[in-house]
Amino acid sequence: MNSHPEWLNKALFYEVYPQSFFDSNGDGIGDLKGIQKKLDYIKNLGFNALWLNPIYESPFKDAGYDITDYKKVAKRYGTNKDAYDLFKTAHEKGMRVILDFVPGHTSINCPWFKKSCEPKENEFSSRYIWTDSVWKSPKDLPVIRGISDRDGAVVTNFFSVQPALNYGFASPHESYEEPIDGKGPQGTIAAMIDILRFWLFHGADGFRCDMADSLVKHDPDRSGTIRVWKQIIDTIKNDYPDAVFVSEWDNPLCSLKAGFDMDFLLQDPFNPYNSLLTRTASPYFRFDNTKKDAKAYFDNFRKLYSFASSQQKFLSLISGNHDTKRLAFYLKPEEMKFYYLYLFTMPNVPFLYYGDEIGMGYEEGLVSVEGGFDRTGDRSPMQWDESKMAGFTTGKTSYIKINPDRKGISVREEAQDDDSLFTFLKTLLAFRKDHVALDNDASFELVDTKGYCPLVYIRKKFAEKLLIAINPSMRTYKISLGDFKGNPLFSSGGAFVEEDAMKLSPQSFIVLE
Ligand code: NOJ
């Protein structure tokens, strides 16, 4: 049976988008030294693990997801030594750091790609997927053509400046389509294993794997891609059993089989971020939504959850990320508190996107920066304080404009306010830390309330058993305590225990034993 590294049981991830977090040298772009300076902030807020978006050398046509050198930190973020120091300091503080790993494509400027463009056969000729004539392209795959003297078109993976690395075809048909075991794909896999080892050797704790399902082409059931990942992950875990792999795949049924410890369900409608927040006429957690119905969500969630836990693995639940609209776009701060209560008391591994702790907003109408397009507004600089540059940089400019629409939304201001979102989250995470029944691997049992409003569930680990009830609605509910003593541990004003039931006034919650 595959099992996960032990540290995931208590892992709480904070996603740092490096360019927007904290600028230590005044050039208007966040950097690794800046992140290191803020480790205590992240730790004191209650998080013990970081996911860093790509930090490697890149022309930044897609915010660093277009890599030119996988083993070199981009100058603007500092040096490789800064990264190693960050890992070391994080470890000294009991924290972990996972890196973004982009196995599906490189930048068009990557030296590997430049070599592969040469007409004369060389080591990199089959590192990418080239056809054997500039006029041909593989069925249904995007290509670029006419970019070099090599007679062929080359497959791209995301933007046109991101040529796809060659992991082969599930069932090759054309002479230029290699099987997974072919020389080109096996060369790519060996190069990727080498990169992963490099960063683990220097102290990284694992990887968030970008577009993990995109590797093998014409692979409808993903069995080829699963095979490739098994080869990569099994090899790495042999030497680094504590390394964590999290997939951007959207299908735990495939990705967990492939050896990942957990899967983001980003595009999956049954990610709570999607079905309870963004892809519904009215988000479940909005107080004025009078027709709350989470049945479809929970029916599917339970299926995925029971599969993941049967494999002793996890799903990854998010507050949002660098590709999604900010949570504050959908919910008011008071409503966000209810979403956080849910996110951080559910089973599985939670991820908070930087700035969501203070309810940073989506910055509307920005011209695209570094391939962000409509995502640019989710990536604005962290709002540390209310000063002109928001405490993000000592310089006069920042690479994305500081959000002008930020009155009262900063770490400094919210930390002083007992009712702020920030203070609520900090208190919640401190509470969670003291209760093993809220660990990521603690058991989960949903109580069947009508339409799942209020949300009531039971978490249990070792001798501790907790009942969590969340009522983000405008109605009052009375729910039987069953065999719980009814001792409230964490609650908002309107929720209390009355004889053998708990009473939940509108917009209230309670956690009891
Ligand atoms: C997913 C990443 O999250 C996104 O930011 C990026 O643009 C694409 N993959 C391409 O790498």
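This is a predicted model: local features need pLDDT of at least 70, side-chain atom pairs count only at pLDDT 80 or more; totals for chains, interfaces and linings use all residues.
If the neighbours within four places in sequence are left aside, D439 is in contact with N9, K10, R432, R459 and K461.

N440 has its place in the loop between α12 (421-433) and β13 (443-446), and N440 is buried, with a relative accessible area of 2%. Which backbone oxygen atoms does the side chain of N440 reach? A polar atom of that side chain lies 2.7 Å from the backbone oxygen of L8, and the side chain of N440 also comes to 2.8 Å from the backbone oxygen of A11. Beyond the neighbours within four places in sequence, N440 is in contact with L8, N9, K10, A11, F314, P347, N348, V349, P350, R432 and R459.

## The surroundings of the ligand

The residues that surround the ligand are D62, Y65, H105, F158, R208, D210, M211, E248, H322, D323, R375 and R379. When this shell is divided by residue type, three of its residues are nonpolar, two are polar and seven are charged.

Some members of the shell can be described atom by atom. A polar side-chain atom of H105 lies 3.0 Å from an oxygen atom of the ligand, and an N or O atom in the side chain of R375 is likewise 3.0 Å from an oxygen atom of the ligand. In the case of D210, an N or O atom of the side chain is 2.8 Å from a nitrogen atom of the ligand. The ligand on its own has 300 Å² of accessible area, and the protein covers 97% of this area.

The buried residues of α5 are G184, P185, T188, I189, A191, M192, I193, I195, L196, F198, W199 and L200. Just after α5 comes G203, which takes a positive phi of about 115°.

I236 is found in helix α6, which covers residues 223-239, and at 0% relative accessibility I236 counts as buried. Which residues does I236 touch, if those up to four places away in sequence are not counted? They are I193, L196, R197, L200 and F245, and among these I193, L196 and L200 are also buried residues of α5.

The buried residues are E335, M336, K337, F338, Y339, Y340, L341, Y342 and L343.

S316 lies in strand β11, which is made of residues 314-318, and S316 is buried, with a relative accessible area of 0%. Leaving aside the neighbours within four places in sequence, S316 is in contact with V246, M262, D263, F264, L265, V349 and F351. S316 and D299 are separated by 17 residues in sequence and by 17 Å in space, again from C-alpha to C-alpha.

Where in the backbone is a cis peptide bond found? Such a bond joins C453 and P454, with omega at about 0°, and P454 lies in the loop between β13 and β14 (455-461).

A63 and E370 each have a positive phi although neither is a glycine. For A63, phi is near 55°; this residue is found in the loop between β3 (56-57) and β4 (69-73), where A63 is buried, with a relative accessible area of 2%. For E370, phi is near 50°; this residue is in the loop between β12 (349-353) and α11 (411-415), and E370 is partly exposed, with a relative accessible area of 22%.

How values were computed:
Residues are numbered from 1 along each chain as its sequence is written. Side-chain values use heavy atoms; hydrogens and water are left out. Buried means under 20% relative accessible area, exposed over 50%, partly exposed in between (1.4 Å probe, protein chains only). Helices (H or I, at least four residues) and strands (E, at least two) are DSSP runs, numbered from the N terminus. A residue is near a molecule or strand if one of its heavy atoms lies within 4 Å of it. A polar contact is a pair of N or O atoms within 3.5 Å; within protein, one must be able to donate a hydrogen and the other to accept it, and residues adjacent in sequence count only if both atoms are side-chain atoms. Accessible areas come from the Shrake-Rupley method with a 1.4 Å probe; for residues, only the protein chains shown count as cover. Ala, Val, Leu, Ile, Met, Phe, Trp, Tyr, Cys and Pro count as nonpolar, Asp, Glu, Lys and Arg as charged, and the others, Gly among them, as polar. Contact means heavy atoms within 4.5 Å.
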